[in-house]
Amino acid sequence: MNEILWHTDLPGLAPPRRGKVRDVYDLSETGAGERLLIVASDRLSAYDHVLRPGIPDKGKILTQLSNFWFRRLEEVMPNHLLATSLDAVALGELAPELAGSAEQLRGRTILTRKAEVVPFECVARGYLAGSGYREYVAGGSVCGIPLPDGLERASRLPEPIFTPATKAEEGHDENVDFDTMAAAVGEELAVRLRDLTLELYRRAADHAAQCGLLLADTKFEFGLVDDELLLVDEVLTSDSSRYWLADQWRPGAEPVSVDKQYVRNWLDSTGWDHESPPPVLTDEVVAGTRDRYLDAYRRLTGSEPEL
C-alpha cells in the first residue's frame, strides 16, 4: 500500500485550484489557457467535509476508473481528455520542472481541455436512495417528479429519472426540478443534458449489471468548448456513484455497497452532527474504503489499477 498523497504543489506551474479531491492546474501564466492538468489526491470528502486521513491509492483508482468510463462512453458523446499517460517526457513538455514529478503523478493525473462547466450536476437515479429517498418520504416525489406510492429505501424506480442539482461553491448542493435548470441554462440545452444523462446512465447500468453491480444513481458534469458539449470532471466512480452488490440487494434494506456510502454510514454511526469538524477515520474504515474502491474497479474493468 502506498503512502497517502494529500495535496500537490508542482514546480513550474502556478498554484492549483484545490477542490475537495482534485488539484487543478491551469497551464498558462494568465489563467486563460486552453488546457488543464488535473491531479486526483487521496483526499476523501463526505457531507461537504474533507475527512482525515486520506485513503491510500484512492486518487489513482478514481482516475483510472474514470478514464475507463470516458473511453467506454465515447460513442455516446466526446469528453475533455487530451492525455492520460503522462510520463516524464510528456510532463517535461508541459513544463521542464515537472519531469521530476512523474512518479508522484503516475496513474492519478490527466491532461484535459479547459471547458466552461455547466453549473448543474446532472444526476440520474434508477433506485431510491440518499437525498432522493428522503425527498420521496417527505412528499412522494423527487425533484418535482411524482413517484408511485409504497416505495421503500433502495426500491428500483419504474424507469430512471433525471434529477439535477445546483453546484454550490460553498455549503450543500441543492436538488432542483427540471424547470429551474431550464430557466438557468435554456430549454434546448437542458433537454439535451437530460437526454444525454439518461442515455449515459442506461449504458453504464447495463455494463455494471453484467459485472454483478447495480448502479443506483450517479452524477455527470458537462462543459462547453467552442459550443461543443463535452463530458467532464469524473465519470461513474465510487465517489460520484452508488454501486450495490446485485446479489445482496433487497428493497427496504440498507444495500451492500462498493462506494463512499460505507464512509457515510460510519460517520452517521458516530453521532457526528455534520457541522462540527468530522471525526478522524479509523484504520478499519480507511482500509475498508480502499477495499471497496478496489472491488468496484476490478468488477467494472476486469483488471487491476496501476498503483
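## Basis of the model

Helices (H or I, at least four residues) and strands (E, at least two) are DSSP runs, numbered from the N terminus. By that count, T63 is found in helix 1 (residues 58-72).

This is a predicted model: local features need pLDDT of at least 70, side-chain atom pairs count only at pLDDT 80 or more, and totals for chains, interfaces and linings use all residues. Residues are numbered from 1 along each chain as its sequence is written, and side-chain values use heavy atoms, with hydrogens and water left out.

Is T63 buried or exposed? Its relative accessibility is 6%, so T63 counts as buried; the term means under 20% relative accessible area, with exposed over 50% and partly exposed in between (1.4 Å probe, protein chains only). Contact means heavy atoms within 4.5 Å. Not counting residues up to four places away in sequence, T63 touches A40, G107, R108, T109 and I110.

## Nonpolar cores

A nonpolar core is a set of buried Ala, Val, Leu, Ile, Met, Phe, Trp, Tyr and Cys residues joined through side-chain atoms within 4.5 Å. The largest has 65 residues. W69, F222, L236, Y243 and L281 touch the most other members. Helix 6 (residues 187-210) gives the most to this core: nine residues.

Leaving aside neighbours within four places in sequence, W69 is in contact with A204, H207, V235, L236, Y243 and L300. Another core lies apart from this one, with 13 residues, including Y25, V39, L105 and L111.

## Helix 7

Helix 7 (residues 261-269) has these buried residues: Q261, Y262, V263, R264, W266 and L267. Their cover includes strand 4 (44-46), strand 5 (49-51), strand 16 (241-245) and helix 8 (283-301). G271 follows helix 7, with a positive phi near 85 degrees.

Two strands pair if DSSP finds at least two bridges between them. Five strands form an open, antiparallel sheet in the order 1-2-3-7-6. Strand 1 (17-18) and strand 6 (81-83) are the edges, each pairing on one side only. Strand 6 and strand 7 (residues 109-113) pair over two bridges. L81 stands opposite T112 in strand 7.

## Lining of the second largest pocket

Which element supplies the largest share of the lining of the second largest pocket? Helix 1 does, with four residues. Helix 1, helix 3 (102-105) and helix 8 each supply at least two.
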